[in-house]
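This report describes how the parts of the structure below are arranged and how they meet. It turns to the domains, then to the chains, and lastly to the strands.

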Protein chains: 2
Amino acid sequence: MTALSASSGTRDGNASVRVADALRDAIVAGDFPPGSRIRQEEIAERFGASRVPVREALKMLEADGLVTLRANAGAWVSRLSLDECDEVYQTRERVEPLLLRLSAPHLDAEALDRLERLAEQMAQTTEIEEFLRLDRDFHWSSYAGADTLVLGDLVRRLWSTTQPYRRAYTRLIDAHSQRIVHDEHHMIVTALRDGDIEAGERVVEGHIRRTRRLLAQHPEVFTAASTTP
Amino acid sequence: MTALSASSGTRDGNASVRVADALRDAIVAGDFPPGSRIRQEEIAERFGASRVPVREALKMLEADGLVTLRANAGAWVSRLSLDECDEVYQTRERVEPLLLRLSAPHLDAEALDRLERLAEQMAQTTEIEEFLRLDRDFHWSSYAGADTLVLGDLVRRLWSTTQPYRRAYTRLIDAHSQRIVHDEHHMIVTALRDGDIEAGERVVEGHIRRTRRLLAQHPEVFTAASTTP
DNA sequence: AGTGTTGCGATTGGATGCAATCGTGTCGTA
DNA sequence: TACGACACGATTGCATCCAATCGCAACACT
């Protein structure tokens with residue numbers, strides 16, 4: 001999952017989106033921590049392309065909010081202030097319940113079993129990256145029923161921009177808080193099994209809000225966040 | 001407001017964002033109706049630039065959801081299906097009340113007077129473009145207090161993608177529906193004056209939902225929408 | 001007559017090269 | 001020694017040029 005070299009094969013016709021996807025994955029994976037500079041030529045060499053598709057990729061990622069561009073200066077991985085991060089989380093509180101609502105009717109028993117399994121696996125994991133991956137998997141699986149284009153992309157974007165802080169935050173929470181996360185996940189599954197969409201929406205909303213509140217209590221995350229596996 | 005030729009002056013350092021802004025304005029203004037093809041060279045000539053910044057602009061607008069790119073084929077102005085439009089409106093129902101909540105505390109008496117004035121002007125206008133402009137002005141003025149970066153951009157994007165349909169819809173509504181719109185606008189102002197944020201949120205939500213419902217009753221808007229002033 | 005195929009024009013995608021701009025280290029001066 | 005001006009290297013931004021791909025039309029074949 002840790003974006004390795006894409007090597008060659010320049011034949012498909014869209015190198016810019018490949019660069020964009022790879023760079024996005026790399027940023028989300030933590031290879032480029034927030035605030036780090038992105039040099040066009042470095043990326044171009046890393047992914048075996050010219051600077052033109054790299055710049056197009058950067059424009060896309062800028063629109064995603066993942067990188068910040070300054071004219072004639074360069075590109076940096078976006079660094080969110082505490083207020084901005086709080087804002088994104090408030091937005092997620094409003095939007096993700098809707099996404100769950102649109103998804104819920106299309107989730108069959110098999111999908112719910114899968115959710116249950118993911119929740120169980122999370123409860124037995126202490127590895128941070130594994131925890132993050134499972135958490136992401138869980139929520140995205142719960143949203144998988146929505147064949148939406150716009151809203152899905154929107155939420156994906158919100159997740160991407162906050163991923164570095166979610167990682168840093170995960171390092172901070174104690175066993176008790178983790179337990180609450182798992183309970184909430186199980187409550188989501190239960191609500192979905194009962195077909196009680198309202199309840200599911202409320203749990204998701206509270207789930208995100210609680211994370212937001214806890215993040216606000218750790219401002220140190222937003223001053224200097226570094227990640228090196 | 002109808003994006004004329006930007007002529008020359010290529011000295012500022014960022015031609016791609018200028019092209020992006022101009023093209024976005026042109027699309028929102030209706031110069032390029034949904035589904036119409038966008039040829040790179042045509043845009044390049046129109047704005048006095050090369051194809052490279054045009055392509056970067058197109059990538060940005062694609063991330064905005066305004067244009068749709070197909071590899072090795074070209075770019076088209078995004079055409080929303082009824083379902084997708086409905087989805088965007090549902091998203092707006094959730095997000096814009098939040099934006100109003102973040103904005104409300106920073107709106108002073110002068111700003112509220114301005115809102116009142118805009119609502120009055122709208123009530124006395126029959127011109128469609130003027131109506132749209134005032135409506136946009138009204139809502140954005142109500143959101144102006146929020147110094148948010150992410151959420152503001154997000155809502156701006158949602159407005160942009162739905163603008164063509166809002167225009168087509170405006171042509172369809174009768175005097176009675178218009179009256180309701182104005183009443184709702186006044187209710188928003190009243191709620192803001194009273195400092196009753198909850199009430200304001202509810203009105204905005206209902207305001208958008210009602211528009212969504214009415215749009216869903218006019219599927220013909222989504223089959224063939226053409227606009228020529 | 002209908003359908004699959006092949007070739008050409010038009011358009012997009014990407015690499016290279018050059019001008020403009022920004023950062024930074026050095027030097028000169030008070 | 002502290003501060004400002006200047007020049008150089010590094011990096012970005014853009015235009016031009018070439019290759020790859022797609023759409024479309026004419027053609028051949030069953």
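With which residue does Asp64(A) form a salt bridge, and how far apart are the closest N and O atoms? In this predicted model, the partner of Asp64(A) is Arg157(A), and the closest N and O atoms of the salt bridge are 3.6 Å apart.

**Domains of chain A**

Chain A comprises domain 1, residues 15–77, and domain 2, residues 82–222. Between the C-alpha centres of domain 1 and domain 2 of chain A the distance is 27 Å. Contact between the two involves 9 residues of domain 1 of chain A and 7 residues of domain 2 of chain A. The area buried between domain 1 and domain 2 of chain A is about 620 Å², with 60% of it on carbon and sulfur atoms. Of the area that domain 1 of chain A buries against domain 2 of chain A, 62% is supplied by Val28(A), Pro34(A) and Asp64(A), more than any other three residues give.

The count between these two domains of chain A is 1 salt bridge, and Asp64(A) and Arg157(A) form a salt bridge. The count of residue pairs in polar contact between domain 1 and domain 2 of chain A, both residues at pLDDT 80 or more, is 2. On the side of domain 1 of chain A that touches domain 2 of chain A, two or more residues come from each of helix H1 (15–29) and helix H3 (51–64) of chain A. H1(A) gives the largest share of that side, 3 residues. By class, this side of domain 1 of chain A has 5 nonpolar, 2 polar and 2 charged residues.

**Interface of chain B and chain A**

The values for the interface between the two chains are set out below.

| Item, chain B and chain A | Value |
|---|---|
| Residues of chain B in contact with chain A | 33 residues |
| Residues of chain A in contact with chain B | 33 residues |
| Area buried between chain B and chain A | about 2,700 Å² |
| Share of that area from carbon and sulfur atoms | 57% |
| Salt bridges between chain B and chain A | 4 salt bridges |
| Polar contacts between chain B and chain A (both at pLDDT 80 or more) | 14 residue pairs |

Glu56(B) forms a salt bridge with Arg55(A), and the closest N and O atoms there are 3.3 Å apart. The elements that give two or more residues to the side of chain B that touches chain A are helix H1 (15–29), helix H3 (51–64), helix H4 (82–103) and helix H7 (150–172) of chain B. The largest share of this side, 11 residues, is that of H4(B). Sorted by class, the side of chain B that touches chain A has 14 nonpolar, 7 polar and 12 charged residues.

**Strands**

In chain B, 3 strands make up an open sheet with antiparallel pairing, in the order E1-E3-E2. Strand E1 (37–38) and strand E2 (67–70) of chain B are at the edges and have a single partner strand each, so one side of each lacks a neighbour in the sheet. The antiparallel pairing of E2(B) with strand E3 (residues 74–77) of chain B extends over 4 bridges. Val67(B) has Val77(B) as its bridge partner in E3(B).

In chain A, strand E2 (residues 67–70) and strand E3 (residues 74–77) run antiparallel and are joined by 4 bridges. The bridge partner of Leu69(A) in E3(A) is Ala75(A). E2(A) and E3(A) form a hairpin with 3 residues between them, and Asn72(A) in the turn has a positive phi of about 60°.

Notes: Residues are numbered from 1 along each chain as its sequence is written. Chains are lettered from A and ligands numbered from 1 in the order in which they are written. This is a predicted model: local features need pLDDT of at least 70, side-chain atom pairs count only at pLDDT 80 or more; totals for chains, interfaces and linings use all residues. Side-chain values use heavy atoms; hydrogens and water are left out. Domain bounds come from an automatic or database domain assignment. Contact means heavy atoms within 4.5 Å. Buried area is the accessible area (1.4 Å probe) that two parts lose on being put together, summed over both. A salt bridge is a side-chain nitrogen of Lys or Arg within 4 Å of a carboxyl oxygen of Asp or Glu. A polar contact is a pair of N or O atoms within 3.5 Å; within protein, one must be able to donate a hydrogen and the other to accept it, and residues adjacent in sequence count only if both atoms are side-chain atoms. Ala, Val, Leu, Ile, Met, Phe, Trp, Tyr, Cys and Pro count as nonpolar, Asp, Glu, Lys and Arg as charged, and the others, Gly among them, as polar. Two strands pair if DSSP finds at least two bridges between them.
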